[in-house]
Amino acid sequence: MAQAVPVNSHSDDEAERRRNLERILQSPSYRVAYRDVELLNDPRLRPTRMELELLKTEIIFQEHNVRSTIVVFGGARIVEPAQARRNLELARARLAETPNDPRRQRAVARAERLYAKSPYYDLARAFARLVCEECKKNNQCDYIIVTGGGPGIMEAANRGAYDVGAKSAGLNIRLPHEQLPNPYVTPELCFQFHYFAMRKFHFLLRAKALVVFPGGFGTIDELFDALTLRQTRRMQEIPIILFGREYWSKAIDFHFLADEGVIDDEDLDLIQYAETPQEAWDIIRRFHGAV
């Protein structure tokens, strides 16, 4: 005798098929690969993520006809004089509350040194403004100011371009502490990088000059990256201009390296110094035969 089929078996099967279809549609494996954020975050896809950072910036620069750049590096903590003065006054007020606190004494000393360097903010702003104004006069010159997109000297250079209605780029980087881009970068040319290597690559790829204002680890890292590539002839020839000889002669003793024999005397010629925006611009023009 045949076994009776339950009346509701068909509806149960249909419900299970629908539930399974829902699971299929929600499964990570069913996502289109280029929209799968979890996949892109997989450590095994690091090469793909690096290529995306390379290509995105390249494509956008091409779309905006950015062919050549002047790169400005410098410390994020070197702010405009008015702000530096306020920071110093605040540090002194805190020290007055506990005059014997060594940490607050140290904070005042550091604030004094940053205030002393704050004119570099105005000089970086003036330099970028000068470059952009000069390039407007000559249709053959398409130099775009490029910075790290952050505060301090980076902000000053972007601001100088902004002052005269010129485009400028910012190559920002993701850091453990949030760093927003400064408000003077051209929005269409503001990028956020995860990989320092890709960021450095785009700093130098189109560079016609590198102008380095006083700064700390990040600035020095970017400077030595360029110096190494120039020394080993792995990049185009460009002038590398250190702004502020007094600061740089204390921060890095290049002559000591040459005296010790670890670099050639000729390597010192990779570096030039400037004290004014016009002096830096004249070095760039002479280097590229525009004078």
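A salt bridge is defined here as a side-chain nitrogen of Lys or Arg within 4 Å of a carboxyl oxygen of Asp or Glu. The model is predicted: local features need pLDDT of at least 70 and side-chain atom pairs pLDDT 80 or more, while totals for chains, interfaces and linings use all residues. Residues are numbered from 1 along each chain as its sequence is written, and side-chain values use heavy atoms, without hydrogens and water.

**View 1. Salt bridge between D101 and R104.** The N to O distance is 4.0 Å. D101 is buried at 16% relative accessible area, whereas R104 is partly exposed at 28% (buried, under 20%; exposed, over 50%; partly exposed, in between; 1.4 Å probe, protein chains only).

**View 2. Salt bridge between R129 and D163.** The side chains meet at 3.0 Å, N to O. The pair links distant parts of the chain, 34 residues apart: R129 lies in helix α6 (residues 119–137) and D163 in helix α7 (residues 153–163) (helices are DSSP runs of H or I, at least four residues, numbered from the N terminus). Through shared partners, salt bridges also join E97, D101, R103 and R104 into one network.

**View 3. Salt bridge between R44 and D42.** The closest N and O atoms are 2.8 Å apart. R44 is exposed, with a relative accessible area of 70%; D42 counts as buried at 18%.

Key:
Helices (H or I, at least four residues) and strands (E, at least two) are DSSP runs, numbered from the N terminus.
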